[in-house]
Structure formats: C-alpha cells, structure tokens
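Work through these exercises with the model open. Try each task before reading its solution.

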Amino acid sequence: PPRRYNMYSSSSSEVPPINRVQMDVFSDIIDEYESLGREGSGYVVIDVRGEDEVAFTGKVSPNAHTLPLPLIAKEGEDGAFNMDEEEFEETFGFAKP
C-alpha cells in the first residue's frame, strides 16, 4: 500500500482536522514549501518523530521543524499547542502555526 502522511492545518484554537495524504501529495507540498517558504506556501512542515529518529533517518526537508509527538500530545499548559506564541517560539525555535 502507498505510504500516507498525516497533515493538519490550524488557524484557530480549535483542534485541527487531520488529513491523510499520499507520498506524491506530500512530495508536492515539500517542493512548494521549499521553493516558496512558510508564508508563500501556507504550510508549516513539522516532523513529529523523535530527535533520535530524525538524526538516524534524516529530515523530511531541510527546512522542516522537529516537534516530537509526545510534546504535541501533552495536556494542559505544557502541551506545545497550548503555549502562547512567544513561549512556543522560545521553546521550539519557530513561530507557532
């Protein structure tokens, strides 16, 4: 079966929908993201694998951000997407989507 990737988009405080995309769509998104950047493409590429796995297998894109899934899944104020914009950027090194 084709590989699928989970993607989501969020412009509010609501939990974003998760869309599954196939590898060819993912590749198109990465190409657009690499050529147009975050603002131009409208995408933020976040690799949710752990730092050790990314180090072992490589990044999905030179400009992808690494934010391990356990940090996203944390509940309460410590959850990545529950942080305010300033704290998020200070903690993870990129602007909160």
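**Exercise 1. What follows helix 4, and what caps its N-terminal end?**

G93 follows helix 4, and its phi is positive, near 85°. This model is predicted.

Now go to the N-terminal end. The cap of helix 4 is D84. One of its side-chain oxygens sits 3.2 Å from the backbone nitrogen of E86.

**Exercise 2. Find the salt bridge and describe the surroundings of R49.**

Step 1: search the whole structure. One salt bridge turns up.

Step 2: name the partners. R49 pairs with D47, and their closest N and O atoms are 2.6 Å apart. Side chains of opposite charge can pair when their charged atoms come close.

Step 3: classify D47. Its relative accessibility is 7%, so D47 counts as buried. The cut-off for buried is under 20%.

**Exercise 3. Which residues form the negative surface patch, and is D78 buried or exposed?**

Step 1: list the patch. Its members are E77, D78, D84, E85, E86, E87, E89 and E90.

Step 2: locate D78. This residue is in the loop between helix 3 (69-73) and helix 4 (85-92).

Step 3: check its accessibility. D78 has a relative accessible area of 52%, so it is exposed. Exposed requires over 50%.

Step 4: revisit the helix cap. D84, which caps helix 4, is also in the patch.

**Exercise 4. Where does P97 sit, and how far apart are the C-alpha atoms of P97 and V44?**

Step 1: read its accessibility. P97 counts as partly exposed because its relative accessibility is 36%. That value falls between the cut-offs of 20% and 50%.

Step 2: compare sequence and space. P97 and V44 are 53 residues apart along the chain, yet their C-alpha atoms are separated by 6.8 Å.

Technical notes. Residues numbered from 1 in each chain as written. Predicted model: local features only at pLDDT ≥ 70, side-chain atom pairs only at ≥ 80, totals over all residues. Heavy atoms only, no water. Patch = residues over 30% accessible without salt bridge, like charges linked within 9 Å, V, L, I, M, F, W, Y side chains within 5 Å. Areas by Shrake-Rupley, 256 points an atom, 1.4 Å probe, with all protein chains shown as cover. Salt bridge = Lys/Arg side-chain N within 4 Å of Asp/Glu carboxyl O. Lys, Arg positive; Asp, Glu negative; His and termini not counted. Charge placed at Lys NZ, Arg CZ, Asp CG, Glu CD. Helix = DSSP H or I, 4+ residues; strand = E, 2+ residues; numbered from the N terminus. Buried < 20%, exposed > 50% of the residue type's maximum accessible area, 1.4 Å probe, protein only. Polar contact = N/O pair within 3.5 Å; in protein donor to acceptor, adjacent residues only side chain to side chain.
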